Amino acid sequence: MKYINFTKDKVEVSRLGFGLMRLPIIEDDNSLIDYKKSRELIDLALESGITYFDTAYVYHGKQGEIFTGEVLKDHRDKIKIATKCPVWQIEKEEDFDYLLDIELQKLQTDYIDFYLLHSLDREKFENVKKHNVYNRALKAKKAGKIKYLGFSFHDNLELFKEIIDTYDFDFCQIQLNYLDEGYQAGLEGLKYAKDKGLGVIIMEPLRGGQLANLPQSITEKLGDDTPANLGFSYLLNKGLVDIVLSGMNTKEQIIENCKTFSEVEADSLDADSLEKIDYLKNEMKARIKIDCTGCSYCMPCPAGVEIPDIFRAYNNKYIFEDEKKSVETYERIQKRNAGKEACVKCGKCESKCPQQLQIIAGLEKAHQDLAGGSNEK
Ligand code: SF4
Ligand code: SF4
């Protein structure tokens, strides 16, 4: 395992962080964590040198922090715990302290090493400002309940920069992988955060597991490498990335990831590995139907159309050869009345799209394909 001085005062953590949001569960019930299997995974992670464990108030139906506290309490001085504040639940200033105290109690600890304002987007950020959450968090820091303060992020680059420029966070957590370099904060956001002195944690390094389960037509050309190992290597090879989270739920994943994280560091990949990553990136991009980066500059749509999510589902059908999943996703979007049929063709989105996409026509194509049963290839 390789370690990094993550904070300005050089707190050392493993570069592989254990994301505790996909633990083994019982009877398909996400709030019923399988303690036996999950504890075995944590034990293996500890033996393998992982020291960063990431949970959240809402993980596993609010049971994730209880599990984390229980299995890590005997290792507290050797590991770092990250958890997150559900900022959307804050309706008045005191709610921040109330939620934090519940989290400390569930985690069986007096302090949280890395505390994140969870999943900031425009709406949540406005709520953070409205209820003075940042200053409340600073007070909690002074009281020793929080060591380092950060935020996780799901919106466009513009807002990402605004958040960083508004408050003095220690670190941030963004989504990044070789296929989504321009998605949300993206590569530009990574550079921006590092320039401003923040530590950066990467989430969704394999796009929620999608990049680990590629069609055989792609993986057969990778030799001894696996799609997962190449996905992580892409990130580790970038000098700016500090910690990469992985939501591991098998021992095999922990063993494979620990090997990758022991071998790969900044600028360490050879030409063969770089070629394979380029191959993966190009092969996946060639399958893309609409060149939407998911930046969300077109949002919000006044009619409530979920433009980037529709294009993502449409592209994913061809990238991952998984028609069923894309059709199901589009069905869910339609049920929320946020599909193409809600579009009133006002054109506001097209004038805001940096890719100059013909969004209205694109929505029509996606709709015909995902709701009309087209077999376009
Ligand atoms: S054209 Fe349609 S999708 Fe675009 S902003 Fe108007 S209603 Fe929304
Ligand atoms: S349609 Fe354009 S503006 Fe909207 S998310 Fe995609 S690339 Fe960004």
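**Close-up 1. The shell around ligand 2.** In this predicted model, the shell residues around ligand 2 comprise 10 nonpolar, four polar and no charged, where Ala, Val, Leu, Ile, Met, Phe, Trp, Tyr, Cys and Pro count as nonpolar, Asp, Glu, Lys and Arg as charged, and the others, Gly among them, as polar. There are 14 residues around ligand 2, of which Cys292, Cys295, Ser296, Cys298 and Cys353 come nearest; a residue is near a molecule if one of its heavy atoms lies within 4 Å of it. Ligand 2 sits in the second largest cavity, a cavity being a set of points, on a 1 Å grid over the protein atoms alone, where a 1.4 Å probe fits but cannot get out, and a molecule sits in a cavity if more than half of its atoms lie within 2 Å of its grid points.

**Close-up 2. The shell around ligand 1.** Ligand 1 takes up the space of the largest cavity. It is surrounded by 13 residues, the closest being Cys301, Cys343, Cys346, Gly347 and Cys349, and by class this shell has 11 nonpolar, one polar and one charged residues.

**Close-up 3. The cis peptide bond at Pro300.** Met299 and Pro300 are joined by a cis peptide bond, with omega about -5°. Pro300 is found in the loop between helix H12 (271–286) and helix H13 (307–319), helices (H or I, at least four residues) and strands (E, at least two) being DSSP runs numbered from the N terminus.

**Close-up 4. Ser119 in strand S8.** Ser119 lies in strand S8 (residues 112–120), and its phi is near 55°, a positive value in a residue other than glycine. Most residues other than glycine have a negative phi.

**Close-up 5. Helices H3 and H4.** The axes of helix H3 (residues 64–72) and helix H4 (residues 94–107) cross at roughly 45° and come within 7 Å, which makes H3 oblique to H4. Glu65, Ile66, Thr68 and Gly69 in H3 meet Glu103, Lys106 and Leu107 in H4, with contact meaning heavy atoms within 4.5 Å; by class, this contact has two nonpolar, two polar and three charged residues.

Axes are lines fitted to C-alpha atoms, for helices over the stretch in contact, with angles running from 0 to 180 degrees between N-to-C directions; angles under 35 degrees count as roughly parallel, over 145 as roughly antiparallel, 65 to 115 as roughly perpendicular and the rest as oblique.

Conventions:
Residues numbered from 1 in each chain as written. Chains lettered and ligands numbered in written order. Predicted model: local features only at pLDDT ≥ 70, side-chain atom pairs only at ≥ 80, totals over all residues. Heavy atoms only, no water. 1 Å grid on protein atoms, 1.4 Å probe; cavity = no way out; pocket = protein on both sides within 12 Å on 5 of 7 lines; lining within 4 Å.
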